[in-house]
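Thanks for making time this morning; I would like to walk you through one structure, and please keep it in view while I talk.

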Amino acid sequence: MHVDIYRWGQQQQESSQQDLGCGVLALALLPPCCLCAQLLLCETCKTKVYPDNLPTTSVVIVFHNEAWSTLLRTVHSVINRSPRHMIEEIVLVDDASERDFLKRPLESYVKKLKVPVNVIRMEQRSGLIRARLKGAAVSKGQVITFLDAHCECTVGWLEPLLARIKHDRRTVVCPIIDVISDDTFEYMAGSDMTYGGFNWKLNFRWYPVPQREMDRRKGDRTLPVRTPTMAGGLFSIDRDYFQEIGTYDAGMDIWGGENLEISFRIWQCGGTLEIVTCSHVGHVFRKATPYTFPGGTGQIINKNNRRLAEVWMDEFKNFFYIISPGVTKVDYGDISSRLGLRQKLQCKPFSWYLENIYPDSQIPRHYFSLGEIRNVETNQCLDNMARKENEKVGIFNCHGMGGNQVFSYTANKEIRTDDLCLDVSKLNGPVTMLKCHHLKGNQLWEYDPVKLTLQHVNSNQCLDKATEEDSQVPSIRDCNGSRSQQWLLRNVTLPEIF
Ligand SMILES: *[C@@H]1O[C@H](CO)[C@@H](O)[C@H](O)[C@H]1NC(C)=O
Ligand SMILES: *[C@@H]1O[C@H](CO)[C@@H](O)[C@H](O)[C@H]1NC(C)=O
Ligand SMILES: [Mn+2]
């Protein structure tokens with residue numbers, strides 16, 4: 001599970017296998033050529049030639065109470081595994097650490113290194129966003145490369161990143177994030193077959209790279225993957241372009257949501273976001289954060305996500321609001337300067353992003369309904385019961401509060417709740433919730449707005465009320481026109497937003 005000091009709350013909410021960041025899913029799909037070498041460069045990447053006159057980069061690393069070994073592993077790997085002339089400097093931004101060895105001892109240690117290392121200190125705990133802004137402000141390279149403080153760069157990590165920026169300065173690039181075990185510090189390759197997305201709760205998630213992106217690259221996996229979002233910890237960006245597109249939203253606190261914010265902004269405002277598959281950087285994925293946070297994580301993330309939704313997502317923000325009841329009560333401060341930025345840069349609407357950049361998004365571009373699905377006979381509603389992937393969908397008394405009773409019947413005829421879709425794989429059920437695969441198949445449902453039936457196409461059966469054996473799950477049976485097979489699909493409206 002990818003949990004680190006800046007991403008704890010988001011990841012804590014759900015913990016399916018997918019939560020491993022580039023872990024489990026990644027390892028399952030690992031391309032054979034990446035298994036061979038310790039340094040994890042695919043053989044084909046090794047044959048690539050990059051221009052000599054690549055831009056220089058400053059490497060900005062924010063840390064807070066980081067362990068000496070992981071911090072220095074990051075710094076040394078940058079120095080040892082990058083061509084010297086491409087590294088302008090390393091900027092270490094201390095976000096108010098308390099550990100003594102991160103003070104004078106760190107400064108004297110880095111003075112001896114053969115690359116200039118600039119240690120700067122935040123006066124008080126400021127969080128990732130403001131600490132990175134400070135690091136960026138003092139940096140001098142043509143490119144800024146942000147890294148987490150517990151990484152290991154591999155041989156050849158930098159050239160492919162800088163080459164993309166040289167090719168087009170509005171391209172923002174991420175390496176493949178390899179997994180460093182937090183138990184053994186063992187190094188495992190990440191996959192080039194996953195890319196960044198997000199769910200209705202605005203949690204960053206890895207999803208399989210869709211066929212359309214494989215086709216665009218004509219099957220050449222050494223070419224960069226266009227990714228809808230970035231994980232946020234590790235990326236390179238042209239220094240001036242970072243300014244031009246508005247750095248980070250300085251109205252966001254501490255951490256959380258900033259990675260989606262910069263991702264949406266890059267795409268909507270004319271840039272490109274890529275995962276450069278020939279660049280690998282390892283990252284320690286921690287199971288738990290050893291640190292405490294001022295103010296509580298939940299409220300901070302909700303505030304940041306509201307800023308994200310209000311500035312960039314247009315009407316699609318409703319998916320976030322409807323599935324997260326209570327979030328609309330969180331004050332998100334003044335967003336006028338960010339709206340001004342969006343205007344000034346003439347950024348495209350979120351619908352454009354969904355249509356062109358992320359057509360396989362968890363948020364459907366077109367949908368028939370977003371809200372409860374109510375049984376006509378029993379007056380109960382479908383309810384995901386906060387159950388996980390692979391479990392049965394539930395049915396419960398309607399509460400009209402959104403959350404677990406929010407489903408969308410999409411234009412693709414899926415019934416989805418967040419990134420899970422109702423799926424039936426055998427006659428008479430059960431009806432389970434699986435990751436949406438966008439391939440119709442067992443996830444295809446036909447709603448008849450006259451008969452009010454939800455017919456599962458593959459089985460030719462109808463969604464029905466709960467059975468006597470299990471009163472908390474709907475059933476699926478031969479369609480026979482009974483009232484228990486009639487469903488009302490509604491758009492929920494939340495008065496405090498609309
Ligand atoms: C629900 O809202 C969507 C998007 O605004 C709209 O296209 C759809 O017709 C509405 N459906 C119902 C059942 O009101
Ligand atoms: C439809 O089938 C269910 C269960 O098989 C049964 O209880 C119900 O009475 C049937 N309804 C009609 C209208 O035949
Ligand atoms: Mn991290």
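Predicted model: local features only at pLDDT ≥ 70, side-chain atom pairs only at ≥ 80, totals over all residues.

Lys-348 sits over the face of Trp-352, 4.3 Å from the ring centre, where a charge counts as over a ring if NZ of Lys or CZ of Arg is within 6 Å of the ring centre and within 35 degrees of the ring normal. Residues are numbered from 1 along each chain as its sequence is written, chains are lettered from A and ligands numbered from 1 in the order in which they are written, and side-chain values use heavy atoms, with hydrogens and water left out.

Turning to the aromatic rings, the structure holds 22 aromatic pairs, a pair being rings of Phe, Tyr and Trp (its six-membered ring) with centres within 6.5 Å, called stacked when the planes are under 30 degrees apart, edge-to-face when over 60, and tilted for the rest. In one of them, Tyr-195 and Tyr-358 have ring centres 6.2 Å apart and planes at 85°, so this pair is edge-to-face. Tyr-195 is buried, with a relative accessible area of 0%, and Tyr-358 is buried as well, at 1%; buried means under 20% relative accessible area, exposed over 50%, and partly exposed in between, with a 1.4 Å probe and protein chains only. The rings of Tyr-353 and Tyr-358 have centres 6.4 Å apart and planes at 75°, so that pair is also edge-to-face.
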